[in-house]
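I opened this one to see how the chain is put together. These are my notes, in the order I looked things up.

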Amino acid sequence: MTFTRVEKRLGKFGEHNAWRTQQPHVFHQFENFMKWKTLRSVLCLGAHADDIEIGCGATLLELQQSQSEMKIDWVVFSGDATRAEESKACFERWIDANRRGRLIAYTFEDTLFPVQRREMKDAFQSLARVCSPDLIFTHRSDDAHQDHRMVAELTWNTFRDHTILEYEIAKYEGDLGRPNVFVPISKENAERKVKLLADHYQSQHSKPWYRSETFRSLMTLRAVECRSSSGFAEAFHGRKLTLSN
Ligand SMILES: [Zn+2]
């Protein structure tokens, strides 16, 4: 992970050098790249069948190559039988057999998560009883889709001692924000993400936004913002950062 964007933003407004002089230790913290710590368990949460793959799919491919102990639990909160089948098939191609944890497919009604809040909260409490992950990928709290927001809200509400990264999904409403956590992605993993998304979820292919160019272009843009040498990156919103000795 990297926090170099802090440096860029301050530089743009001409405050970079003054701030660096006044806060040299703080600047040093943010100047460095941070490495993933050893991850034993990752929990991925998605409102709909393809959200996890779109939001953090390439990062999951990267992590599988670097984290020897890691298991991945995968939870999708809605979907009919067709989408559940697509999701299962995608999970099995995306995640190596020795890294697969739980695959849980709930059947909450699509687009109506806010009116199912009580039942969804129970589902999250059930998850918390069986999962205590080192890292959670979930939706953004300010995502324009109401189902995505509900999953984000309940993630923070349920998992209070966990590291949470919120992933982004391009959509009609144009709600992309300014992410502050970047993961450089190799060209191979970026293209694998694009191919897997194209191969699966036939039910989505009629949607005009569900195109390889959509997925590739967002990774390209995020690569510009974190100076990824491969030309690809995924980005996340890390809302809290705790520093300790
Ligand atoms: Zn979705």
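The entries below go from the whole fold to single residues.

**Entry 1: ground rules.** I'm working on a predicted model, where local features need pLDDT of at least 70, side-chain atom pairs count only at pLDDT 80 or more, and totals for chains, interfaces and linings use all residues. Residues are numbered from 1 along each chain as its sequence is written.

**Entry 2: overview.** I get 9 helices and 7 strands for the protein. Helices (H or I, at least four residues) and strands (E, at least two) are DSSP runs, numbered from the N terminus. Of the 245 residues, 36% count as buried. Here "buried" needs 20 or more other C-beta atoms within 10 Å of the residue's own, "exposed" means 12 or fewer, "partly exposed" is in between, and C-beta atoms are placed from the backbone. I also looked at contacts, meaning C-beta atoms, placed from the backbone, within 7 Å. Among contacts with a separation of 6 or more, 76% come from residues 24 or more positions apart.

**Entry 3: the sheet.** What is the order of the strands in the open sheet? I read S3-S2-S1-S4-S5-S7-S6, 7 strands with mixed pairing. Pairing here takes at least two DSSP bridges between two strands. S3 (100-108) and S6 (181-184) are at the edges with a single partner strand each, so one side of each has no neighbour in the sheet. Neighbouring strands are turned by 25 degrees against each other on average, direction ignored. For angles, axes are lines fitted to C-alpha atoms, for helices over the stretch in contact, and values run from 0 to 180 degrees between N-to-C directions.

**Entry 4: S4 and its partners.** I then followed S4 (residues 135-138). S1 (residues 41-46) pairs with S4 in the parallel sense over 3 bridges, and Leu43 has Ile136 as its bridge partner. S5 (residues 163-167) pairs with S4 in the parallel sense too, over 4 bridges, with Thr163 standing opposite Leu135. S5 and S7 (residues 233-237) pair in the antiparallel sense over 2 bridges. In that pair Tyr167 has Phe236 as its bridge partner.

**Entry 5: H7.** H7 has 13 residues and reaches 18 Å from first C-alpha to last, close to the 18 Å expected at 1.5 Å a residue; the expected span is 1.5 Å times one less than the number of residues. I list its buried residues as Asp147, His148, Met150, Val151, Ala152, Leu154 and Thr155. They pack against S1, S2 (71-78), H6 (117-130), S4 and S5.

**Entry 6: the core.** Of its 54 residues, Cys44, Phe137, Met219 and Ala233 touch the most other members. H4 gives the most to this core, 6 residues. Leaving aside neighbours within four places in sequence, Ala233 is in contact with residues including Phe182, Val183, Met219 and Cys226.

Entry 7: Not counting residues up to four places away in sequence, Thr59 touches Val183 and Glu234. Thr59 and Pro184 are 125 residues apart in sequence and 8.2 Å apart in space, C-alpha to C-alpha. Val181 lies in S6 and counts as buried with 20 C-beta neighbours inside 10 Å.

**Entry 8: positive phi.** Thr111 has phi near 75 degrees, a positive value in a residue other than glycine. I find Thr111 in the loop between S3 and H6, and it counts as exposed because it has 12 C-beta neighbours inside 10 Å. Arg227 has phi near 55 degrees, also positive and not a glycine. Arg227 is in the loop between H9 (212-226) and S7, exposed with 12 other C-beta atoms within 10 Å.

Technical notes
Two residues are in contact if their C-beta atoms, placed from the backbone, lie within 7 Å. A nonpolar core is a set of buried Ala, Val, Leu, Ile, Met, Phe, Trp, Tyr and Cys residues joined through C-beta atoms within 7 Å.
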